[in-house]
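This report describes a two-chain model, starting with one chain and ending with the contacts between the two. The structure is shown first.

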Amino acid sequence: MPPAKDPEATRKLLASLWERSLPVLRERCALLERAATAAQAGTLTPELRAEATAIAHKLSGSLGMFGYPEGTDLARRIEEHLEAPTPTDAPRLTHDVTALLATLPL
Amino acid sequence: MPTRRILIIDDEDDIREVAALSLESVAGWQVSTASSGAEGMRLAAAELPDAILMDVMMPAMDGPTTFREMQKLPELASIPVILLTAKVQGVDQRRFAGLGVTAVLFKPFDPLTLAEQMSEALGWS
């Protein structure tokens, strides 16, 4: 492998990619919020659950590479709450979605 | 050392872009990208890359299905494939490793060390 180029330049490019991905990220977080609200109200549809699960999975795979490993952990937990819901998962889902939003500089 | 040519197949724009940036800027490799398994197969056949980095979960044709389809084509069967997955459970890891791919790497990856991880997996170190 050729020697690594300037890591600082790579980090700057990553930061610009992060900025570019923010609109999509905001939409995804809004969808997770809607899913958590619906779960608390007992009105979470299978379609919204499936969509939110897929979004949480995507976030779990991407946030860490932008330097937000805690966001990845929270997204992974959100995915678990949505995949195999139990009666106690609705408040946990709300808690973790709120924590995720607080973690990210949106 | 010749420049390595890598094909990245992932339906997520940000993953594709960060992986491409990582491999190009850190390792100096040449990178092509595809956003689906079908597009990836077409590009792989046209470019015959040195290795393929491919997402597991994609709509229509997922990574494992795309890999199996590639194995049916003599011109693609020998290209090493590394799967990229956000699934961290052991059962998933064993299932992916059992497909016969060269390696399974996990998301989120570190953009500064992805090329190094791939080099080790591919025996290019």
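The model is predicted, and local features need pLDDT of at least 70, side-chain atom pairs count only at pLDDT 80 or more, and totals for chains, interfaces and linings use all residues. Residues are numbered from 1 along each chain as its sequence is written, while chains are lettered from A and ligands numbered from 1 in the order in which they are written.

**Chain B**

Chain B contains six helices and five strands; helices (H or I, at least four residues) and strands (E, at least two) are DSSP runs numbered from the N terminus. Their order from the N terminus is β-α-β-α-β-α-α-β-α-β-α. The C-alpha trace spans about 35 × 30 × 30 Å along its principal axes.

Of the 125 residues in chain B, 40% are buried. A residue counts as buried if 20 or more other C-beta atoms lie within 10 Å of its own, as exposed if 12 or fewer do, and as partly exposed in between, with C-beta atoms placed from the backbone. Two residues are in contact if their C-beta atoms, placed from the backbone, lie within 7 Å. Among contacts in chain B between residues at least 6 apart in sequence, 60% join residues at least 24 apart.

Strand 3 (residues 51–55) of chain B has five of its five residues buried. B:Ala51, B:Leu53 and B:Asp55 lie on one side, and B:Ile52 and B:Met54 on the other. Strand 3 pairs with two strands, where pairing requires that DSSP finds at least two bridges.

| Strand paired with strand 3 of chain B | Sense | Bridges | Bridge partners |
|---|---|---|---|
| Strand 4 (residues 81–85) | parallel | four bridges | B:Met54 and B:Leu83 |

**Helix 1 of chain A**

Helix 1 (residues 7–41) of chain A has 35 residues and reaches 47 Å from its first C-alpha to its last, close to the expected 51 Å; the expected span is 1.5 Å times one less than the number of residues. This helix bends by about 45° at A:Leu22, and A:Pro23 follows within four residues. The bend is the angle between axes fitted to the seven residues ending at a residue and the seven starting there. Buried residues of helix 1 include A:Leu14, A:Arg28 and A:Ala39. Their cover includes helix 2 (46–62), helix 3 (69–83) and helix 4 (89–103) of chain A, together with helix 1 (13–27) of chain B. A:Gly42, with a positive phi near 75°, follows helix 1 of chain A.

**Contact between the chains**

In total, 23 residues of chain B are in contact with 20 residues of chain A. Helix 1 of chain B gives the most to the chain B side, with eight residues.

B:Pro108 is in the loop between strand 5 (103–106) and helix 6 (114–122) of chain B. B:Pro108 is buried, with 22 other C-beta atoms within 10 Å. Among the residues that B:Pro108 touches are A:Gly61, A:Met65 and A:Thr72. A:Met65, in the loop between helix 2 and helix 3 of chain A, is buried as well, with 24 other C-beta atoms within 10 Å. The contacts of A:Met65 include B:Val18, B:Pro108 and B:Phe109.

Conventions: Lists of a residue's contacts leave out its neighbours within four places in sequence.
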